[in-house]
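Biologist: Could you walk me through this one slowly, as I am new to reading structures?

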Amino acid sequence: MSLITLRDAHLAYGDRPLLDGARFFMLAGERVGLIGRNGTGKSTLLKVIAGTVHLDDGELQRRDGLRIAFVEQEPELPAAATLRDSLLSLSKDGLAAAASADDRERWRLHSRLDEYLQRFELNPEKSPETCSGGERKRAALAWALALEPELLLLDEPTNHLDIDGIAKLEDLLLRVPACLVITHDRAFLDRVTTRIVELDRGVLRSYPGNFAAYESRKLEELAAEEIANRRFDKFWAQEEAWIRKGVEARRTRNEGRVKRLERLRAERAERRERLGHVKLSLDAGERSGRLVAELTDVTKRYGDRVVLDKVSARIMRGDRVGLIGPNGAGKSTLIRVILGALAPDSGSVRLGTNLQVAYFDQLREQLDPERTVADTISPGSDWVEIAGERKHVITYLADFLFPSQRAKSPVKMLSGGERNRLLLARLFARPANFVVLDEPTNDLDIESLELLEQKLQDYPGTLLLVSHDRRFLDNVVTQTIAAEGNGVWREYVGGYSDWLLQRPRPAPSPREQAAPAKQTAPREKTRTRLSYKEQRELEAIPGEIEALEREQAQINERMSSADYHRQGAAQIREDRRRLEEIEALLLEKFTRWEALEELRNRA
């Protein structure tokens, strides 16, 4: 049975529709990734499902008694003496459940909360007022998991989490009954999700499997949509030319053809075009010297904590270096030392010659909140020059999806994603042969991420990058400097996946060392290749799922009609029985698809 069902949902802010006749359902056991461009309404959809925002029109059905937990993008913690007390007062539903339960159940809830706080490396006795953004996000995740919901709603759960934290969250989500998650982390989507749902121009489209499967099918869809639109536009243009012929032609005008043209005009006017694309261009400026930066035995402390302990490294022209490490390891400190913005306690830093640096600050401190968007890009001028091409600042901002009316808005009015795009626009408006990016992927949608990747891959200058996005690191950097703990940093060849293979393995625990080696019988070699029959089955499943979803939508539409009760009791019972059957078949198909995909990916 469906946990939630959304039928013909409409929701708009002003004249901008976020949901335009959207349909959606979710079954127990599913882990759905909700993706789409920034500003399309993904967070609003989660709030609709959570019950904090109501539809303008349409219907949302939840299974009776469904327990839902919702972690927002920027969770707020109530004031309290300790983090534990703050979380226990966070949810009215959780409080009601705890108050009505017996002492044993309340003890279990507290115990589960302490367990998840420990998993996320949080101190239950810490004051919530001193918690960072990352700690608040991890605490809210711990609380949501402790409630043991039947449906978990997560809005950008990987924001503020380091790579280890993201991996822990992935492990936990693989064991929840069902979850619907918004994220731009493609590696996260590949590992966790069983289905991808895209919100695009007010409509929800479903794709079985993980993000990799979605990518291949989406490319085919976009190509087909473009061909269909071109054919439609050609036919429409021919009809418009016909209606504008001279008086003699009008005498033979066909009334049916005129009405058809009117329908074509209406259909063309209602067609919602795809949103624009961010247009990035990087000007590498003049060539720098061969040496970009050299660190020799650099040490930096904050009180008793050693962040850099005799670190030596050399960055040469054209290097593409990624910095990897947990939150608090000192990645931003290392960047500032390399750039000369922070003096080391000991050791030396040497910068190369003819450096033109573009620095992307993760805290966006470079943006003046009182300045306008246009003035941030080109102070005192209406023009910018990129790689020898002169552009008006309004045209340049349009390349980063800022409409002309937004150019005069102050920076303080921008969303997180808009501020990220503005900072990228500002950085790339100036020539730079040394680009330093500290967490540039936060708040960027997947399409913008992939475009940034492409531009960085083609960039001929030197790149220094901090990111917790594993796929982004793999696609961009060619060498990695990783924090090994206690201020020790070590260099590795390649990106994140290469670092995983090369890094030192943790020493075995005393228990593991003391345990006698187990004698295991030889195992049959695990099969890692699909049979011909399984390959054919895998290719057929998406079509079978689509057919079931179409039938389900048709039955739901029939059942929601005003005169449905006239169908008779037998037909109503048959429709309900078939809906339950379809839901069971869909779950079976999704599970089988996931198993076959996993087997194919191991090949």
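**Cysteines, a sheet and a helix**

Modeller: Cys131 counts as buried, because its relative accessibility is 7%, where buried means under 20% relative accessible area, exposed over 50% and partly exposed in between, using a 1.4 Å probe and protein chains only. Please keep in mind that this is a predicted model, in which local features need pLDDT of at least 70 and side-chain atom pairs count only at pLDDT 80 or more, while totals for chains, interfaces and linings use all residues. Residues are numbered from 1 along each chain as its sequence is written, and side-chain values use heavy atoms, with hydrogens and water left out.

Biologist: And is Cys179 buried or exposed?

Modeller: Cys179 is buried, with a relative accessible area of 0%.

Biologist: How many disulfides are there?

Modeller: The count is zero disulfides, taking a disulfide as a pair of cysteine sulfur atoms within 2.5 Å.

Biologist: Switching to the sheet, what is the order of its strands?

Modeller: Six strands make an open sheet with mixed pairing, and their order is β5-β6-β7-β3-β8-β9. Strands here are DSSP runs of E with at least two residues, helices are runs of H or I with at least four, both numbered from the N terminus, and two strands pair if DSSP finds at least two bridges between them.

Biologist: Which strands stand at the edges?

Modeller: Those are β5 (68-71) and β9 (203-208), and each has a single partner strand, so one side of each is left without a neighbour in the sheet. On average, neighbouring strands of this sheet are turned by 15° against each other, direction ignored.

Biologist: How many bridges join β5 to β6?

Modeller: Four bridges join β5 to β6 (residues 151-155), and the two strands run parallel. Within this pair, Phe70 stands opposite Leu153 in β6.

Biologist: Which helix packs on the sheet?

Modeller: Helix α1 (residues 42-50) does, touching β3, β5, β6, β7, β8 and β9, and its direction makes about 155° with that of β6.

Biologist: Last one, where is Gly461?

Modeller: Gly461 lies in the loop between α15 (446-458) and β18 (462-466), and Gly461 counts as buried at 7% relative accessibility.

Notes: Axes fitted to C-alpha atoms, helices over the stretch in contact; angles between N-to-C directions. Contact = heavy atoms within 4.5 Å.
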